[in-house]
Amino acid sequence: MRVNEKYSTLPAEDRSVHIINICAIEDIGYLPSEGTLLNSLSVDPDAECKHGLYFRDGRRKVDYILVYHPKRPSGSRTLARRVQHGDAAPAARGTRQDQPLPGKGDVGAAGGPEPPMDYHEDDKRFRREEYEGNLLEAGLELERDEETKIHGVGFVKIHAPWNVLCREAEFLKLKMPTKKLYHINETRGLLKKINSVLQKITDPIQPKVAGHRPQTTKRLSYPFSREKQHLFDLSDKDSFFDSKTRSTIVYEILKRTTCTKAKYSMGQGEGRKKDSALLSKRRKCSKYGITSLLANGVYSAAYPLHDGDYEGENVEFNDRKLLYQEWASYGVFYKYQPIDLVRKYFGEKIGLYFAWLGVYTQMLIPASVVGIIVFLYGCATVDENIPSMEMCDQRHNITMCPLCDKTCSYWKMSSACATARASHLFDNPATVFFSVFMALWAATFMEHWKRKQMRLNYRWDLTGFEEEEDHPRAEYEARVLEKSLRKESKSKEKRRHIPEESTNKWKQRVKTAMAGVKLTDKVKLTWRDRFPAYVTNLVSIVFMIAVTFAIVLGVIIYRISTAAALAMNSSPSVRSNIRVTVTATAVIINLVVIILLDEVYGCIARWLTKIEVPKTEKSFEERLIFKAFLLKFVNSYTPIFYVAFFKGRFVGRPGDYVYIFRSFRMEECAPGGCLMELCIQLSIIMLGKQLIQNNLFEIGIPKMKKFIRYLRLRRQSPPDHDEYGKKRQRYEADYTLEPFAGLTPEYMEMIIQFGFVTLFVASFPLAPLFALLNNIIEIRLDAKKFVTELRRPVAVRAKDIGIWYNILRGVGKLAVIINAFVISFTSDFIPRLVYLYMYSQNGTMHGFVNHTLSSFNVSDFQNGTAPNDPLDLGYEVQICRYKDYREPPWSEHKYDISKDFWAVLAARLAFVIVFQNLVMFMSDFVDWVIPDIPKDISQQIHKEKVLMVELFMREEQGKQRLLGTWMEKDRKKDEPCNSHGPKAGLDSPEYPGGAL
């Protein structure tokens, strides 16, 4: 074998770092799986100006970083000394246990006595050596740096050469732009003029990013193939695969590459186990990729690098800086997002999230405008509302029954005037229209997003992309291995008790060896294996939902007891504001509990998903999302559901009230209904979650963590702290950033907000406006977090937003039902209609308040429940009123439910059925009318297919012509030879007979 085939080195003019191929290592005495890096003494003097974005030669770009905590074994001093003195051959022939992975910082670094290495740390070191050797075998190039500014942290820099990028791009079927350009079909006539006008109007709010404008031409894309490299523009190989694609390719190799041989197994102290046979099989069968190595602490972090710094005068211009200026700054809140640049830098999955968030925020604008109009309509008609005017009229002199036993006294209905007037702002005929509008808005939003998603799929070359099955998770493989070992041990026990013929022993040995090699091939986790986890999930979820209900019940008891306590206060101002005080304090308690339980439920949902041991990351994410959404949905909306549908429904009547624990009387709604209280509850919880949980937590917690890291760093090296901040490399700076934790929290807060906007919008028309204001800040806040606070995530290809779309559709359908019940049962809309068309004598709403109130004779109070001060109003009360449809005390069936109650109930149920079916039909009609794929996009996709077929047909015809030309040339070359073969003479056919 030639030397050039064994070694992969740099060009002759730049040999600062040599990487030895694994074949050569085997020849000089290393084990085949041992990956080695040898750095020469010369280092590129200009490499430091690259700020860690390149290898020390200043040419090869760093595509990925592995971080670990180096702890050298006791034999490293002897080995390092031999390497320093040039005794390379003995070092090369050293055993695996004595051979560390050379690199910057690990040669001659041991200056004092080494601490003894425990089994666990020794195992980590051997796993790193084997894993890095396997990465070298896969074609990657590595460089180590342990002499960093961060104490006790080492870095392995990874570079993917061109041949590896091409190979993996073909494996992953990455669509890359070809040389072929084609024109995109443009609109004509009136639409073209409208588009041009819109472009001029929106020009000031467009980001100053190249390629953001609508393009008239597009490059034809095709899955990369090494056999068809001539189709692609490879004039600049360094930029053909961008940094996002390079890191994705390297991450796929890191996941696929495994280390199967190690000195000890992964558990602590397992190297000292006596069962050596079981341990050897564990070594043979277990495979650990980068995810399991990270989970077990072999590496502490793995991440791609940011493109550079985002602020500073002397910073080179890069995509990260451009994103910071045109996207992650609060000063550009009014501009569109540069979604294509976000996708180019962070990948399709994150790009789709911000595109969805942008579409959602844009769609909130018309909803906010209509909500404001509905609210203003309520403000304009509040003085014309007859029921509220009757309640505020002092002349009616309606005396109401006490709100609590003993301590509460009789009160005037006119004291609830302010509540009644405020209720009309949200409880008016326009609210019904707004509920129908929001149901259609939700359907239109979903259809608009599907069309936008298809446009992005076309623009990002994701048409035809199908997600392949992901690699099994490390935890799943560990459980499968454990199950396999249990089966093997059971089969061994059975074979011990069964006598076996000597002639079949060799067969049994072969079977045992085969089982040791392929122990987990046909083993998988079934529902029986997961049954304990499923039971634990069910019991835990039911228990946590019960905890939420118990907390709501506790808040109810707080409201009742506080109202009774405030009623005994001697101050008239305190007693007159009991409802407002109790409602506000109870809502604040609910808000604090919701925020705390959200964090707790998120952790519990993750733990419940882990014990299920899903096979793939996608399955893990979907199960986690479902559990977290279920728990957070119940946590966020249970207090609101109580006020909307349960408060005041099961109160009883004076003289026969319903009690909790025989002590606390159920609370009643105000005379104007519970809708105003529902509005207060919804607004405070929604705004509180947005301000505290979504914004303050997202801003404050990262800042606090960053400050703690700053103090810890300053405590470790106070004299050199400023110097450290100036000289640290890119991979060192990125290591101090927060790791990316996924998009689930970001989606979750927006889905919960979408529920606030749609589920109870009948009670709070201003909800879309507050959501819009929050989202304008949220987009820039999330953008700033991704650009400045987080490590760069691995780019993930995705063509949709996954399970979140189904959750959105479910919330939209549920919103129709809930709004129907809110309008019919929580508000007074249906009772007003019934009174207007069935009981009103003059066709107006005069007398409506009196119609909804029933009478009670105070002599019928139960013992111990009558007011302690019956003369609080200054006169003796004989009859008090309460809100219900019941027979009067002078009736034959006193206090029984009246016929009016059943008439109103029938009207309410009829309204629910009609409203729900009508709105559902209209939503489905909108879904049917609006096509999922825009017509122009479907035409462009078809055009691409036709052009691709034409391109290959021309290529095939060119090959045929070229082949025909070669055959023609060969035939012409053969003709002169054939003419000199049979001479024209005696034996020529033209001259039979021979002689002339």
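Analyst: In this predicted model, Cys404 and Cys408 are joined by a disulfide whose sulfur atoms lie 1.6 Å apart. The torsion about the S-S bond of Cys404 and Cys408 is about 95°, so this disulfide is right-handed. Both partners are covered: Cys404 has a relative accessible area of 11% and is therefore buried, and Cys408, at 9% relative accessibility, counts as buried too, the cut-off for that word being under 20%.

A disulfide also joins Cys401 to Cys880, with an S to S distance of 1.9 Å. Cys401 sits in the loop between β10 (399-400) and β11 (411-412), whereas Cys880 belongs to strand β17 (residues 879-883), so the pair ties together parts that are 479 residues apart in sequence. About the S-S bond of Cys401 and Cys880 the torsion is about 85°, which means that this disulfide is right-handed. As for cover, Cys401 counts as buried because its relative accessibility is 4%, and Cys880 counts as buried at 0% relative accessibility.

The pair Cys392 and Cys417 forms a disulfide as well, and here the sulfur atoms are 1.9 Å apart. With 95° about the S-S bond, the link of Cys392 and Cys417 is right-handed. Cys417 has a relative accessibility of 19% and so counts as buried, a value to be read against the cut-off of under 20%.

Taken by the distance rule for sulfur atoms, the count comes to 3 disulfides, and in general such a link is a covalent bond between the sulfur atoms of two cysteines.

For comparison of cover, two further cysteines may be set beside these pairs. Cys379 has a relative accessible area of 32% and is therefore partly exposed, while Cys603, with a relative accessible area of 57%, is exposed, because exposed here means over 50%.

Definitions and conventions. Residues are numbered from 1 along each chain as its sequence is written. This is a predicted model: local features need pLDDT of at least 70, side-chain atom pairs count only at pLDDT 80 or more; totals for chains, interfaces and linings use all residues. Side-chain values use heavy atoms; hydrogens and water are left out. A disulfide is a pair of cysteine sulfur atoms within 2.5 Å. Buried means under 20% relative accessible area, exposed over 50%, partly exposed in between (1.4 Å probe, protein chains only). Helices (H or I, at least four residues) and strands (E, at least two) are DSSP runs, numbered from the N terminus.
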